[in-house]
Amino acid sequence: MRVLREEICRQPEVLWAQRSDKIYLTVSLPDAKDVSVKCTPEGLFSFSATGAQGEPFSLSLELFDTIILEGSKTNIGLRNIICSIQKEKKGWWKRLLKSEEKPAPYIKVDWNKWCDEDEEDSASSLPSDDDYGGADGKDDSSDDDGLLYLPDLEKARGK
């Protein structure tokens with residue numbers, strides 16, 4: 001009798017942040033290939049990809065509330081995959097996932113993108129991930145998408 005070995009998938013690290021109208025999910029997976037991101041209006045988010053060494057990665061999340069597919073975008077960069085997911089109802093979610101259990105250890109808050117409810121107006125003037133990429137949400141530039149936006153330091157010093 002031959003036993004087929006089931007391929008074990010690993011979960012990539014996922015960073016999340018929110019605004020009143022969006023959820024940002026950043027999947028940290030450098031040099032990912034065969035990336036697949038799927039969402040349903042009910043808030044089911046699934047991701048799969050192949051890592052740089054050919055190892056499979058996948059995860060499925062049941063988001064806290066419903067979403068709008070047409071307003072959601074995915075940007076596949078060199079170091080990570082950034083998903084901007086539009087909430088169906090504007091408002092702040094108590095947590096990312098529907099389940100009240102503690103989230104898996106690979107799901108973490110993205111403090112670089114996070115803003116509190118009372119800070120949202122001032123944060124809207126900052127560049128967001130929605131500012132990058134074409135109509136299909138994919139960035140065709142050769143810039144390193146894994147780095148944060150930093151202003152030109154020479155200009156900031158007044159030189």
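## The β2/β7 pair

Strand β2 (residues 22-28) and strand β7 (residues 80-87) run antiparallel and are joined by 7 bridges. Within this pairing, L25 sits opposite C83 in β7. A word on terms: strands are DSSP runs of E with at least two residues, numbered from the N terminus, and two of them pair if DSSP finds at least two bridges between them.

This is a predicted model, where local features need pLDDT of at least 70, side-chain atom pairs count only at pLDDT 80 or more, and totals for chains, interfaces and linings use all residues. Residues are numbered from 1 along each chain as its sequence is written, and side-chain values use heavy atoms, with hydrogens and water left out.

## The five-stranded sheet

β2 and β7 belong to an open sheet of 5 strands, ordered β6-β7-β2-β1-β8, and the pairing here is mixed. At the edges stand β6 (67-76) and β8 (107-109); each has a single partner strand, so one side of each is left without a neighbour in the sheet. From one strand to the next, the twist averages 20 degrees (axes are lines fitted to C-alpha atoms, with angles from 0 to 180 degrees between N-to-C directions).

## The three-stranded sheet

Then there's an open sheet of 3 strands, in the order β3-β4-β5, with antiparallel pairing. Its edge strands are β3 (33-39) and β5 (56-62), each pairing on one side only. Neighbouring strands in this sheet are turned by 5 degrees against each other on average, ignoring direction.

Which residue in β4 is the bridge partner of K38? That's S46. β3 pairs with strand β4 (residues 44-50) over 5 bridges, in the antiparallel sense.

Technical notes: Helix = DSSP H or I, 4+ residues; strand = E, 2+ residues; numbered from the N terminus.
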